[in-house]
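User: I have a structure open here and would like to go through it piece by piece. Can we start with one of the charged side chains?

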Amino acid sequence: MKSIELAAPVRLRAPAKVNLGLEVVARRPDGYHEVVTILQSVSLFDTIDLLPAPALRYTPPAGLERESDLLWRAVRLAEERFGVRLRAQIRLEKHIPLAAGLGGGSSDAGTLLGALAVLAGIPLDEVERAAAALGSDVPFFVRGGTALATGTGTDLAPLSTPPNVWFVVVAPDLVIPAKTAALYGALTPDHFTDGVATRRLAAALERGDTLDPDLMHNTFTPVLREWDAVSRAIDALHAAGAQVVLPSGAGPSVFTVVPAQAVANAIADRLPAGIGRVYVCTTVARDSNASALQAAVG
Ligand code: C5P
């Protein structure tokens, strides 16, 4: 067992994500689905404080069961798969809404695994592969940034982060039980597409082009429209001036993307009350916790 001791406290920022496109391509025999999606870290953060302590200590935030808490499962995965034990008190502060399609729990887990990899000197791609055991979005959050994700969402290819991109995200107050499984379960082969639009969007990002709204699709849009709260949020964003509105992941959060903060703020200001929590945010680069970790190892 390799023990990690901290020279100083570390504050990690665990970003939310949006999917700049998400096409479900096929259902596999094991029940999982093949996807082509572009994941983008955004500046809405949970914070994970690691405080030097004689032994590992973690108390989950109120309302989160320790055993279903992905952050705690990440700590255990690091021990079991990599023999890494953190001697620290872990404090998690939640800001990303739960089960909203914004990847909050996955980010807490992936961000911590990325940090443990850096602190223990484990190759990040090994940790990314192991992270898939915790959920399809967890490998992405080991490094974050912008990435094309294929397979079940765990095969990652980093992309250039589009410059000057701002988001208005609306998270409706809606709880869909077993949301991700339910939304995938509601898809029929008629919903499936070939992933070409999202791959073309990825190629355009690699060339440094701006986001083309005509290439931005999310397979879950028609299914999510069945929920009034989601339809209201989509319609409200359009009425406030948004051109393209997409769900993030399997929803229920929806977002628009614009080229400047002032445009995002103006759209957010025009949204009616009562449609859910509204966030204005921008892109976050890959390995965004690197300097915080550098300071901790001295
Ligand atoms: O991997 P994650 O825990 O996010 O997946 C939750 C559920 O969503 C899975 O149990 C599965 O039913 C569905 N899913 C899927 N295909 C994917 C990802 C998730 O069918 N690529």
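This is a predicted model: local features need pLDDT of at least 70, side-chain atom pairs count only at pLDDT 80 or more; totals for chains, interfaces and linings use all residues.

User: Which side chain does R277 meet in a salt bridge?

Analyst: R277 pairs with D173, at 3.4 Å from N to O. The two come from distant parts of the chain, 104 residues apart. R277 is in strand β11 (residues 277–282), while D173 is in the loop between β8 (166–171) and α5 (179–185).

User: And D173, is that buried or exposed?

Analyst: D173 is exposed, at 63% relative accessibility. The cut-off for exposed is over 50%, so D173 is above it.

User: How many salt bridges are there?

Analyst: The count comes to 13 salt bridges. In general, side chains of opposite charge can pair when their charged atoms come close.

User: Give me another one. What does D30 pair with?

Analyst: D30 forms a salt bridge with R28, and their closest N and O atoms are 2.5 Å apart. D30 is partly exposed at 48% relative accessibility. R28 is partly exposed too, with a relative accessible area of 27%.

User: Which residues are in the network with R28 and D30?

Analyst: E34 is linked with R28 and D30 in a network of salt bridges.

User: What about R207, what does its side chain meet?

Analyst: R207 meets D209 in a salt bridge, 3.2 Å from N to O. R207 is exposed, with a relative accessible area of 59%. D209 is partly exposed, at 33%.

User: Where do the charges sit overall? How far apart are the mean positions of the positive and negative ones?

Analyst: They are 5 Å apart, for 26 positive and 30 negative charges in the protein chain.

User: OK, step back to the whole chain. How many helices and strands?

Analyst: The protein chain has 10 helices and 11 strands. Its radius of gyration is 19 Å, close to the 19 Å that the globule rule gives for 298 residues, so the chain is as compact as a globular protein of that length.

User: What box do the C-alpha atoms fill?

Analyst: Roughly 55 × 45 × 40 Å, taken along the principal axes.

User: And how much of the chain is buried?

Analyst: Buried residues are 54% of the 298 in the protein chain.

User: What share of the contacts join residues at least 24 apart?

Analyst: 76%, taken among contacts between residues at least 6 apart in sequence.

User: Let's look at some buried positions. Where is T47?

Analyst: T47 is in strand β3 (residues 33–52). T47 is buried, with a relative accessible area of 8%. Buried means under 20%, so T47 falls below the cut-off.

User: What does T47 touch?

Analyst: Leaving out residues up to four places away in sequence, T47 touches R11, L12, R91, L92, E93 and H95.

User: Now T150. Where is that, and is it buried or exposed?

Analyst: T150 lies in strand β6 (residues 146–150). T150 is buried, at a relative accessible area of 17%. Apart from neighbours within four places in sequence, T150 is in contact with V35, V36, D155 and R199.

User: Change of topic: backbone. What kind of peptide bond joins G251 and P252?

Analyst: A cis peptide bond, with omega about 0 degrees. P252 is in the loop between β9 (245–247) and β10 (254–258).

User: Why point that out?

Analyst: Because most peptide bonds are trans. Likewise, most residues other than glycine have a negative phi.

User: What is phi at A99?

Analyst: Positive, about 50 degrees, although A99 is not a glycine. A99 is in the loop between β5 (84–93) and α2 (104–120). A99 counts as exposed, at 58% relative accessibility.

User: And phi at N164?

Analyst: Phi of N164 is positive as well, about 55 degrees, and N164 is not a glycine. N164 sits in the loop between β7 (155–158) and β8. N164 is exposed, with a relative accessible area of 59%.

Key. Residues are numbered from 1 along each chain as its sequence is written. Side-chain values use heavy atoms; hydrogens and water are left out. Helices (H or I, at least four residues) and strands (E, at least two) are DSSP runs, numbered from the N terminus. The radius of gyration is taken over C-alpha atoms; the globule rule is 2.2 Å times the number of residues to the power 0.38. Buried means under 20% relative accessible area, exposed over 50%, partly exposed in between (1.4 Å probe, protein chains only). Contact means heavy atoms within 4.5 Å. Lys and Arg count as positive and Asp and Glu as negative; His and the chain ends are not counted. The place of a charge is taken as NZ of Lys, CZ of Arg, CG of Asp or CD of Glu. A salt bridge is a side-chain nitrogen of Lys or Arg within 4 Å of a carboxyl oxygen of Asp or Glu.
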